[in-house]
Amino acid sequence: AAGIPAKEFVPTQEDYAKIYNEIAKRLVEFDEYDDGSYGPVLVRLAWHASGTYDVETKTGGSNGATMRFQPESDHGANAGLKAARDFLEPVKEKFPWISYSDLWILSGVCALQQMGGPVIPFRPGRSDRDISACTPDGRLPDATKEHKHLRAIFGRMGFNDQEIVALSGAHALGRCHTDRSGFDGPWTFSPTMLTNDYYKLLLNEKWSWKKWNGPAQYEDKTKALMMLPTDMALVKDREFKKWVDKYAKDQDAFFKDFSDVVVKLFELGVPFKQEERWVFKVVE
Ligand code: DDH
């Protein structure tokens, strides 16, 4: 009735589960994309939204979804992520109460779980911010660089060596696109399934420089697979390699550490009110 303010809608775990299920449904529905799934590019969107975090200034991170705006959407590292944002737009239209910031992270959680990964607990609480919260270019890793750069970039987010190596296992998923990063090809033979194959391949294949006109990257003997210079840094650096050895031998250890570090990544800089994290069921 007039004069009585509408009761505020406070979404519950069930409401978020509806969105998880909707994303999972769309992943199956749009299976013509790339290697048969939008999953990898959704993971990359969630990572690039989060990986801008700077511990010192407490700026960046997934709270804000500032990649909606130029200049951040045009940062070189974010090339191609429009595909992921556009994939999620109908979900946002159907559930307008969720923030883009929570939606992008929930979609990363959903994609990882639906691609056979470990459980990734999620909690809501991110709110969208305006263009003034855009981060400067250069906060995400540069694939042409080596161990020093990795420690500087991920150290700025607050990650140690073990966490850097565990996070990098996400490259079991997806591929490089010449029209996005300039690099070409997938890291593994099953780019829509999360496994520890990335570490096994790093150790067991013979990698050599690809002879082509594109940016410097490695290829295996079959020329079907690739590694970036930053991927190879994980086996060239002795401290990093310890963790590559461990995760190559033990998929359970990888899954456990990967889940922990991804939860940490996705929550960097978010002023949560809610302590409890929710686990969403995989949609079969
Ligand atoms: Fe990555 N990544 N990534 N990456 N990444 C690319 C694709 C994907 C680097 C560079 C590239 C992480 C770390 C690093 C995913 C997840 C994660 C591409 C190719 C480049 C280049 C983009 C394209 O051409 O489409 C570098 C450098 C690093 C680093 O220095 C460690 C991390 C931490 C994650 C994560 O998710 C936790 C995923 C998934 C993809 C595949 C995307 C797709 O469209 O397929």
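Pro 71 is found in the loop between α2 (39–50) and α3 (82–94); helices here are DSSP runs of H or I with at least four residues, strands are runs of E with at least two, and both are numbered from the N terminus. This is a predicted model, where local features need pLDDT of at least 70, side-chain atom pairs need pLDDT 80 or more, and totals for chains, interfaces and linings use all residues. Numbering starts from 1 along each chain as its sequence is written, and side-chain values use heavy atoms, leaving out hydrogens and water.

Most residues other than glycine have a negative phi, and most peptide bonds are trans. Ala 65 has 4% relative accessibility, so it counts as buried (under 20% relative accessible area is buried, over 50% exposed, in between partly exposed; 1.4 Å probe, protein chains only).

Lys 223 is another non-glycine residue with a positive phi, about 65°. You'll find Lys 223 in the loop between β4 (218–219) and β5 (226–227). Lys 223 is exposed, with a relative accessible area of 57%.

### Around the ligand

So what surrounds the ligand? There are 24 residues around it, and the closest are Leu 150, His 171, Arg 175, His 177 and Ser 181; a residue counts if one of its heavy atoms lies within 4 Å. Sorted by class, this shell has 15 nonpolar, 6 polar and 3 charged residues (Ala, Val, Leu, Ile, Met, Phe, Trp, Tyr, Cys and Pro are nonpolar; Asp, Glu, Lys and Arg are charged; the others, Gly among them, are polar).

| Residue | Ligand atom | Distance |
|---|---|---|
| Trp 47 | nitrogen | 3.1 Å |
| His 171 | nitrogen | 2.9 Å |
| Ser 181 | oxygen | 2.6 Å |

Two or more shell residues come from each of α2, α5 (147–157), α6 (161–168) and β1 (175–176). The most come from α2, which gives 5 residues. Domain 1 (13–139 + 263–267) and domain 2 (147–261) both give residues to the shell, so the ligand lies between them; the domain bounds come from an automatic or database assignment.

### Rings and charges

Rings of Phe, Tyr and Trp (its six-membered ring) pair if their centres lie within 6.5 Å; planes under 30 degrees apart are stacked, over 60 edge-to-face, and the rest tilted. That rule gives 20 aromatic pairs. One of them is Phe 154 with Phe 159, a tilted pair at 6.5 Å centre to centre and 55° between the planes. Both Phe 154 and Phe 159 are buried. Trp 209 and Tyr 218 are stacked, because their ring centres are 4.1 Å apart and their planes are at 25°.

Phe 9, Tyr 16, Tyr 20, Trp 97, Phe 122, Trp 278 and Phe 280 form one aromatic cluster.

Some charges sit over rings too, with NZ of Lys or CZ of Arg within 6 Å of the ring centre and within 35 degrees of the ring normal. The charged end of Arg 26 sits over the ring of Phe 87, 4.9 Å from its centre. For Lys 92, the charged end sits over the ring of Tyr 100, 4.7 Å from its centre.

Methods
A polar contact is a pair of N or O atoms within 3.5 Å; within protein, one must be able to donate a hydrogen and the other to accept it, and residues adjacent in sequence count only if both atoms are side-chain atoms.
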